[in-house]
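Thanks for coming. I have one structure to go through, and then two residues to look at in it.

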Amino acid sequence: MSVKNGPKPKHVDYRGILEAKAAEVRRSMSAQKAAQVVARLDIPSDEGDLSQQHHEEWIFLNRNSIDMKLLREIADALHRLDTKTYGICLECEEPISPKRLDAVPWARYCVSCQEKISARIAEGEIVDEYQVVDR
Ligand SMILES: [Zn+2]
């Protein structure tokens with residue numbers, strides 16, 4: 001490593017990383033859409049296949065909603081860059097470790113808050129992490 005461990009935080013182009021990721025997700029969403037249209041053409045139009053078709057649609061929508069959620073998280077992270085709050089945990093307001101931001105550039109919480117929130121989601125106390133900040 002040629003980078004010195006000084007007090008100065010290393011400069012990482014999170015905006016570039018986030019924008020590239022958003023573009024990648026959008027690309028994969030449209031690729032899925034195209035794949036689904038192609039798959040449709042192979043489905044014979046008799047009644048028995050209808051439930052299978054619904055099932056595939058559900059998988060598609062479900063996968064899409066995961067992508068939509070990711071896009072929202074990325075958009076939120078870009079907004080935090082604009083408002084200079086990027087990299088600050090929304091829960092405890094401590095800086096999120098650069099290591100975590102490298103792994104999850106759209107992270108909203110530090111590792112320990114994320115763990116607490118995930119536990120609350122697992123217990124059914126809250127639906128998802130947006131509920132924590134949205135209200
Ligand atoms: Zn925190």
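A definition to begin with: a residue counts as buried if 20 or more other C-beta atoms lie within 10 Å of its own, and as exposed if 12 or fewer do. What share of the 135 residues in the protein chain is buried? The answer is 13%. Please keep in mind that this is a predicted model.

Now the secondary structure. The protein chain has five helices and zero strands, so its pattern along the sequence reads α-α-α-α-α.

Next, contacts. Take the contacts in the protein chain with a separation of 6 or more: 49% of them are between residues 24 or more positions apart.

That leaves the backbone angles. Most residues other than glycine have a negative phi. Is Lys84 buried or exposed? Within 10 Å there are 8 other C-beta atoms, so Lys84 is exposed.

The other residue is Glu93, which also lies in the loop between H2 and H3. Glu93 is not a glycine, yet it has a positive phi of about 60 degrees. How many C-beta neighbours does Glu93 have inside 10 Å? There are 10, and therefore Glu93 counts as exposed.

Technical notes:
Residues numbered from 1 in each chain as written. Predicted model: local features only at pLDDT ≥ 70, side-chain atom pairs only at ≥ 80, totals over all residues. Helix = DSSP H or I, 4+ residues; strand = E, 2+ residues; numbered from the N terminus. Contact = placed C-beta atoms within 7 Å.
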